[in-house]
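Subject: Structure handover

Hi,

Here is the structure I promised you. Please open it alongside this note. My findings follow below.

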Amino acid sequence: MSDMPNAPESKNAPKQIRLNLIFHTSGRHDASWKSFEDPTVLIDEIDHQVALAKRAEEAKFDAIFLPDTPAVLGSVFLRKPRRGLDPTVLLAAIAQHTQHLGLISTAPSIHGDPYLVARAIATLHQVSKGRAGWNVVTSQDDETHVALGKPVDQKLARETRYEKAEEFVQIVTGLWDSLPQEAIAGDKENDVYIDMSRTNPIDFQGKHYTSAGVPQMTGRYHGERPVLFQAGISAQSREFGAKYADVLFTSQPNIDLDRKYYAETKEHAARFGRNPNHVVVLPGLYAVVGDTEEEARRRKAEVDEQMDLGFLVGNLARQIGVPVEELDPNKPLPVHLFEQIPTDDEVIQYRRGNIGAEAMANNFTVKQLVHHNLTRGQRAIFGTPEQIADTIVEWVDTDVSDGFNINVDVQPAGVERFKDVISELQNRGRFHKDYEHGSFRQNYGLPPG
Ligand SMILES: Cc1cc2nc3c(=O)[nH]c(=O)nc-3n(C[C@H](O)[C@H](O)[C@H](O)COP(=O)(O)O)c2cc1C
């Protein structure tokens, strides 16, 4: 690979686009579960999950991505399927029914024990023969705190979260590297199974975490580490990702900020002495495919209408810190209230900025705004396979990203329709026609790690 940021892999070959499928049991749309005749199967039914994964592999997605939070039921999951099964265990089952698909699990880096995460992800890596990814998250929502027995009113400052995440990742990767294959001597004559002189024991004494020794497992498969993902928005998350992750998963409010994020991430990577091509940037993208653009938009509107409008408006009111009575679904967002009702809450300030600008730029009514925001910050596109392929290629060629984490509205129809986008990209030589290598890392053009 070239050392130039975003350079094509060879002079004549156009840059290959990376596409993962975000694995939502019924689809990304919050009302998608209503399209299932028996929605009760969506949560824990393993056959359903395996069938979805096989479809993703047939479509040739690079990987499936399982978002997760280890949390008790929050109010949102009373209205749509929760994220049920432990993602790493579920992916280990899926690994037995797929051959090539990358399998990205999510595990926190500010809660729990690095050793246990290292072991679980390394096990997935072995079980899947080199196809594991770990999405390193730094979230601290109330539901997770309740589930893990932590005080809800004691949240960490962002700096501390990333301080913890750094230590966590250093321990996990150190553990993965500590028992290399060559240390497994299997020397029958001398009665030596493990040759300790060839191991790399860790001795990590951090401010937040400590771990020492050599774990009873090999973290690499045929010399390759699991692929590290990092999901976040803030400057700290990008800095952290550019230092440690192979892939950054983000969602920026507009295309210009995506380009800025992309350029800065690659610059940071170079500053950390890494090849910028080996730090892949994949924002989320919500894609609804139709035979015509109108059909795609109609399809979105039909699913949107199945949502409870009162509930959506209530959520919006909480997000922007405005009394719900002030929000008339058929009128524009009353942005003048932001000044009349000041707030110290940075998250609310941030959302007011973004959501307010979006509502005004598009002249949205409150109803249009809440329907638009059902993708929760992920960029949405609607159109024919050709239109969507055009847009993806244009964005990749103008340094918005190296590809996307794709959300489909409703499973399995959304994936079936997205296959036509993939065919378009394949015909243009921009997406692999088949998996070219045995491991997830190699399919992504990444070094062993
Ligand atoms: C695109 C994206 C996907 C995320 N996925 C998850 C997830 O699956 N589970 C989770 O607990 N947090 C997830 N997060 C939350 C982040 O890990 C992080 O905690 C959050 O973005 C706040 O940190 P930040 O302000 O530094 O970005 C995600 C964030 C983004 C931007």
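A definition first: helix axes are lines fitted to C-alpha atoms over the stretch in contact, and angles run from 0 to 180 degrees between N-to-C directions. Please keep in mind that this is a predicted model.

With that in hand, take α2 and helix α3 (residues 114-127). Their axes come within 9 Å and cross at roughly 5 degrees. Angles under 35 degrees count as roughly parallel. The two helices, α2 and α3, are therefore roughly parallel to each other. On the α2 side, the contact is made by Thr-88, Leu-91, Ala-92 and Ala-95. On the α3 side, Ala-120, Ile-121, Leu-124 and Val-127 make it. By class, this contact of α2 with α3 has seven nonpolar residues, one polar and no charged.

Overall picture

The protein chain has 15 helices and 13 strands. Its C-alpha trace spans about 80 × 55 × 45 Å along the principal axes. For 449 residues, a compact globule would have a radius of gyration near 22 Å. The protein chain has 22 Å, so the two agree.

α1 and α2

Helix α2 (residues 87-95) also packs with helix α1 (residues 46-58). The angle is about 65 degrees, and the axes are 10 Å apart. This crossing of α1 and α2 is right-handed. Ile-46, Gln-49, Val-50 and Ala-53 of α1 make the contact with Leu-90, Ala-93 and Ile-94 of α2. The contact residues of α1 with α2 divide into six nonpolar, one polar and no charged.

α6 and α7

Which residues of α6 and α7 meet? First the geometry. Helix α6 (residues 235-244) and helix α7 (residues 255-271) have axes that come within 8 Å and cross at roughly 45 degrees. That makes α6 and α7 oblique to each other. The crossing of α6 and α7 is right-handed. From α6 come Arg-238, Glu-239, Gly-241 and Ala-242. They meet Tyr-261, Glu-264, Thr-265, His-268 and Ala-269 in α7. The residues of this contact of α6 with α7 divide into three nonpolar, three polar and three charged.

The ligand

There are 18 residues around the ligand. Pro-67, Val-137, Ser-139, Gly-232 and Ser-234 come nearest. Helix α6 turns up again here: α6 and β10 (247-250) each supply at least two residues of the shell around the ligand. By class, that shell has five nonpolar, 11 polar and two charged residues.

Two backbone details

What kind of peptide bond joins Gln-411 and Pro-412? The bond is cis, with omega at about -10 degrees. Pro-412 sits in the loop between β13 (403-408) and α14 (413-427).

The other detail is Lys-60. Its phi is near 75 degrees, a positive value in a residue other than glycine. Lys-60 lies in the loop between α1 and β2 (63-65).

Best wishes

Technical notes:
Residues are numbered from 1 along each chain as its sequence is written. This is a predicted model: local features need pLDDT of at least 70, side-chain atom pairs count only at pLDDT 80 or more; totals for chains, interfaces and linings use all residues. Helices (H or I, at least four residues) and strands (E, at least two) are DSSP runs, numbered from the N terminus. Angles under 35 degrees count as roughly parallel, over 145 as roughly antiparallel, 65 to 115 as roughly perpendicular and the rest as oblique. A crossing is left-handed if the near helix is turned anticlockwise from the far one by less than a right angle, and right-handed if clockwise. Two residues are in contact if their C-beta atoms, placed from the backbone, lie within 7 Å. Ala, Val, Leu, Ile, Met, Phe, Trp, Tyr, Cys and Pro count as nonpolar, Asp, Glu, Lys and Arg as charged, and the others, Gly among them, as polar. A residue is near a molecule or strand if its C-beta atom, placed from the backbone, lies within 6 Å of it. The radius of gyration is taken over C-alpha atoms; the globule rule is 2.2 Å times the number of residues to the power 0.38.
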